[in-house]
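User: Hi, could you walk me through this model?
Analyst: Happy to, here it comes.

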Amino acid sequence: MKEKKEWYKSVGNWFFIVACVILVPILIMNLYIMIQSKVNTDKVPNVFGYKPFIVLSNSMEAEIHKGDLVLTKMVNPKKLKKNDVIAFRDAENTVTTHRIIDIVEKEGEKYFITKGDNNNTQDKNLVEFADVEGIYIARFPSLGSMMKSLSDPVTILIVFFGITLIFVVGFSISNKRQRDLERLEFLEYKKKMEEEQQKEKETVSNKKSPRSKNKK
């Protein structure tokens, strides 16, 4: 029974460790992004040079899909080359993720010509170096749609209370199971002690029995 209890405690400890390892960094990153967005309202928040963006169109299919979350890394625009996929601000100040199909020079300044892989024509406007937000390095399928839905305050509250409820219920069940295990262990220990006491009584009784016969 002791082995089962130790196994149960070990699983519980690992569960909380994994939860902390996953949740704490996410909370810190979210807090950091929130602070940056308040301090620099004209800049896209980044975490150690990395910026996440939610894909809102199908222009980069089949490599990147609508609803994906793309991760970009800040880079010196001078190091970018043809065929790189970049995130940049367009004329409407919206961040777009398209591929560089050419680099041109105009009046002494270099510009990128970009195009969505799923588009028939190139983008209307040239991309200035200053408008580049970063180079595309990875995507997380459908995670963007999930994050977008979580941007609603009501949804955030519902999810927060839902997660809290799950942890509370899980913790309560965990405590109940542990109490049940401890109670069962105590009952087994008590039963064992009673059996040992009974054996001792029987042993003493057996030792006394021959002596009483000899006296008769």
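User: Nice! Which residues form the negative surface patch?
Analyst: Glu-105, Glu-107, Glu-109 and Glu-128 make up that patch. Patches take residues with over 30% relative accessible area and no salt bridge, joining like charges within 9 Å (nonpolar side chains such as Val or Leu within 5 Å). This is a predicted model, where local features need pLDDT of at least 70 and side-chain atom pairs count only at pLDDT 80 or more, while totals for chains, interfaces and linings use all residues. Residues are numbered from 1 along each chain as its sequence is written, and side-chain values use heavy atoms, leaving out hydrogens and water.

User: Where does Glu-107 sit?
Analyst: Glu-107 is in the loop between strand 4 and strand 5 (109-115). Strands here are DSSP E runs of at least two residues, numbered from the N terminus.

User: And is Glu-107 buried or exposed?
Analyst: Glu-107 is exposed, with a relative accessible area of 78%. The cut-offs are under 20% for buried, over 50% for exposed, and partly exposed in between, using a 1.4 Å probe and protein chains only.

User: Switching topic: what is the strand order in the open sheet?
Analyst: The seven strands run 1-2-7-3-4-5-6, with antiparallel pairing; two strands pair if DSSP finds at least two bridges between them. Strand 1 (50-54) and strand 6 (127-128) are at the edges with a single partner strand each, so one side of each has no neighbour in the sheet.

User: How many bridges join strand 3 and strand 4?
Analyst: Five, linking residues 85-89 with residues 95-106 in the antiparallel sense. Phe-88 stands opposite Thr-96 of strand 4.

User: OK, how many salt bridges are there in the whole structure?
Analyst: The search finds six, counting a side-chain nitrogen of Lys or Arg within 4 Å of a carboxyl oxygen of Asp or Glu. One of them joins Glu-133 and Arg-89, at 3.0 Å from N to O. That pair links distant parts of the chain, Glu-133 in strand 7 (residues 132-140) and Arg-89 in strand 3, 44 residues apart.

User: Are those two buried or exposed?
Analyst: Glu-133 is buried at 9%, and Arg-89 is buried at 18%.

User: What about Asp-117 and Arg-99?
Analyst: Their side chains meet in a salt bridge too, at 2.8 Å from N to O. Asp-117 lies in the loop between strand 5 and strand 6 and Arg-99 in strand 4, so the pair ties together parts 18 residues apart in sequence. Asp-117 is partly exposed at 32%, whereas Arg-99 is buried at 17%.

Methods
Helices (H or I, at least four residues) and strands (E, at least two) are DSSP runs, numbered from the N terminus. Accessible areas come from the Shrake-Rupley method with a 1.4 Å probe; for residues, only the protein chains shown count as cover. Lys and Arg count as positive and Asp and Glu as negative; His and the chain ends are not counted. The place of a charge is taken as NZ of Lys, CZ of Arg, CG of Asp or CD of Glu.
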